[in-house]
Amino acid sequence: MTITYLKRGKPETERQEEDARTSAVVATTLADIEARGDAAVRELSEKFDNYAPAAFRLSQPEIDALIAELSPRELADIKFAQEQVVRFAQAQRDSMQDIEVETLPGVILGHRNIPVQSVGCYVPGGKFPMVASAHMSVATAKVAGVPRIVACTPPFQGRPNPGVIAAMHLGGADEIYVLGGIQAIGAMALGIETIEPVHMLVGPGNAFVAEAKRQLFGRVGIDLFAGPTETMVIADDTAADPELCATDLLGQAEHGYNSPAVLVTNSRRLAEGTLAEIERLLTILPTAGTAGVSWQDYGEVILCDTHQEMLDVANDIAPEHVQVMTDRDDWYLQNMHSYGALFLGPRTNVANGDKVIGTNHTLPTKKAGRYTGGLWVGKFLKTHSYQRITTDEAAAMIGAYGSRLCLLEGFVGHAEQCNIRVRRYGGQDVPYGGAAE
């Protein structure tokens, strides 16, 4: 059994150095935003986006005017995609039920699923206007019942992008700001003079946005660590060919200059053919200037002997997107345990998942798929438990157990909370600080 790298990306040490530099920049910037509020945010917007409007928040007339710039077909396509996301999110929400059970006579336990009360949705848009990201965050939060939804997106080519603004508005955003990068994340989480802080941040972004969310976690909730896009193609030569693999790898590499794209295969012919096909496509792909850099620095081709090796490699890397094109796709579905989302079979592709099919495209990166799934309606809901004791007998019985167990741990004050109920509802004369019978 051998695993051979026909192409490797940057060494992990170089990536860690980049992460450290990013972390330092983010920490300094967030401290500045917290100290100077609106002034710091305006300076950052001017510096990085060359954008300094009278107000970052769009008024309703401004939103209406931007939406009016879209053609009927463009608006219909946006609505269609959003409907698919909402339909799936609603099905997920319907699967989450409040419960109440009587575990013992007179002992009632339950939980309620309560929406987060305010959410900040970040929609990337500096290099490409990410219309679909608005569906994934804003519309999904709306399905969850979040009362206040704030949406931020950077200007695109110097002005708000009509498609992104339309998707935000149609999805149910209550406040829309044309603001990007660390300054948007900081403003929403920390609060500035013109933006009330939110309770939770969601949405993908570049390395600086992801790091800002990471540093702010605890002060606010976050959905997950969603950094630069990652994609993996798992393929054998029964279901895939070099053109298909190369197209799917470069289709995600064009996201940015640091988007890992990995082919895992047990076919040397497919591996070498894909390498050659990538070089050919990079001569004709309009976004080759971006995709080529990602492929050069972060692309990998891993040749394995067996499907089990391919599975082990994939679970170890835990990539954001995993496209499976093999003679045993269902086997991968059953055995993959660390990833963001699976795309099964040659008819399926990541772009459909990103834009229209209905599953959420905000997914874990940098191995976070080992401990969390992607953004979904449940991320906006907090499950809170409650309890009620309705009979004297139950109060005395549970109280007696509680009294003894508290004293086993040395918590006398805790025990007295139980003892007073045993005395009142059970008629037992428990000495103060003693154990109930």
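This text walks through the domains of a predicted model and then some of its residues.

Start with the overall division. The chain splits into three parts: domain 1 (21-97 + 111-223), domain 2 (228-374) and domain 3 (391-436). Between the C-alpha centres of domain 1 and domain 3 the distance is 51 Å.

Next come the annotated positions. An unreviewed UniProt entry carries the annotation "binding site" for T229, Q252, H255, H321, D354, E409 and H414. These positions span 186 residues of sequence, and they are spread in space too, with up to 56.0 Å between C-alpha atoms.

Take D354 from that set. D354 sits in helix α14 (residues 350-355). Its relative accessible area is 5%, so D354 counts as buried, the cut-off being under 20%. What does D354 touch, leaving aside neighbours within four places in sequence? Its contacts are A132, M136, Q252, H255, H321 and H361. Among them, Q252, H255 and H321 also carry the "binding site" annotation from UniProt.

E409 belongs to the annotated set as well. E409 lies in the loop between α15 (392-408) and α16 (412-426). Is E409 buried or exposed? E409 is exposed, because its relative accessible area of 60% is over 50%.

Finally, look at Q308. Helix α12 (residues 307-317) holds this residue. Q308 and E100 stand 208 residues apart in sequence. In space, their C-alpha atoms are 44 Å apart.

Terms used
Residues numbered from 1 in each chain as written. Predicted model: local features only at pLDDT ≥ 70, side-chain atom pairs only at ≥ 80, totals over all residues. Heavy atoms only, no water. Domains from an automatic or database assignment. Helix = DSSP H or I, 4+ residues; strand = E, 2+ residues; numbered from the N terminus. UniProt positions renumbered as here; feature names shortened; annotations may be inferred. Buried < 20%, exposed > 50% of the residue type's maximum accessible area, 1.4 Å probe, protein only. Contact = heavy atoms within 4.5 Å.
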